[in-house]
Amino acid sequence: MKKIIFATCCLFAYGQIYSQGFVRKVIERFSFEAFGGLANYQGELQENGYTFSQAKPAIALGGNIAITDKVYLRGLATVGTIQASDKYSSSLAKRQRNLDFGSRVYDASATIVYDIFDVLEKRYTPYVFAGISFFHFSPYTTDSSGSKRWLQPYGTEGQGYPQYPERQRYKLDQFSLPFGAGVKFAVNERVTLGWEFRFNKTFTDYLDDVSTTYADYNVLISGPHGTKPAELAYRGGEVKNGNPVYPVAGSVRGNPKTKDWYYFSGITVTYRLFKSDRTLGRLGGGSAPGLACPRNVY
């Protein structure tokens with residue numbers, strides 16, 4: 001029994017020492033990260049794969065942990081606004097349709113980042129990354145009376161109506177696959193500046209509340225929201241010399257075969273808590289060891 005108790009105490013002490021050492025190493029390898037730039041999306045109201053047109057601000061805060069000199073685990077919380085309007089479309093049919101939307105996107109991502117070069121040796125490096133994110137969105141518009149309307153509850157394509165059982169209300173909380181690339185420059189052993197592009201592949205076609213075909217007008221106005229769902233589903237009558245007649249049920253409103261995307265681009269700033277025990281590229285000179293990291297860690 002004494003031997004068992006002694007062995008248990010030894011294991012517990014070792015675990016405490018190991019856990020403290022592990023936490024120390026994590027702290028030594030940790031860097032804060034911030035992002036500021038633009039958010040945009042690709043979908044039925046914005047078909048360009050990448051554009052600054054109608055882009056809105058986005059910011060992010062988080063951090064990364066160096067696994068090796070060139071590999072990092074990064075976590076970011078990003079907030080940005082996406083929006084688009086048919087009035088800017090090159091398609092006459094879309095301009096006459098006259099739809100628009102906006103949505104705040106809240107994104108929490110975890111990605112693996114790979115630097116092509118060791119940034120402390122080269123002072124710069126391109127990098128790539130990929131991972132997974134969880135995001136929240138909720139499209140809205142402003143109706144003809146100037147009131148803000150959150151679109152999902154209205155079921156503008158018949159979602160939630162018994163006449164369209166195959167069209168369920170889309171979820172506002174979903175997963176996406178973030179990936180992208182950038183380039184960063186070492187200012188000193190602790191600070192790097194960069195520019196990156198981050199694309200998010202989603203599994204929904206409703207970032208903009210547009211996906212399939214027009215639901216039957218009489219079905220939409222028979223619901224609890226009266227005529228409002230139909231008014232928000234087609235807004236041609238609000239355009240000067242536009243067609244106020246609601247489209248025939250089943251006519252094309254969107255393309256359900258393509259999912260929507262959202263993306264961010266902008267400047268990144270990274271601040272390392274402790275200096276590396278390696279010197280920075282062509283600057284030369286030594287660096288204060290502080291709580292120095294292992295030599296294979298950026």
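Predicted model: local features only at pLDDT ≥ 70, side-chain atom pairs only at ≥ 80, totals over all residues.
The rings of Y50 and F199 make an edge-to-face aromatic pair, with 6.0 Å from centre to centre and 65 degrees between the planes. Y50 sits in the loop between strand 1 (30-42) and strand 2 (56-66), while F199 belongs to strand 9 (residues 191-202), so this pair ties together parts that lie 149 residues apart in sequence.

## Y50 also pairs with Y263

Y50 has another ring partner in Y263: here the pair is tilted, at 5.0 Å centre to centre and 35 degrees between the planes. Y263 is part of strand 10 (residues 261-272), and since Y50 is in the loop between strand 1 and strand 2, the pair ties together parts 213 residues apart in sequence.

Now for the rest of the aromatics. Ring pairs join Y50, F199 and Y263 into a cluster with F52, F179, W195, F197 and W261. Across the structure there are 23 aromatic pairs.

## Charges over rings

For Y140 that is the end of K148, 4.2 Å from the ring centre. For F35 the charged end comes from R198, and it sits 5.9 Å from the centre of the ring.

Notes
Residues numbered from 1 in each chain as written. Heavy atoms only, no water. Phe/Tyr/Trp six-rings, centres within 6.5 Å; stacked < 30°, edge-to-face > 60°. Helix = DSSP H or I, 4+ residues; strand = E, 2+ residues; numbered from the N terminus. Lys NZ or Arg CZ within 6 Å of the ring centre and 35° of its normal.
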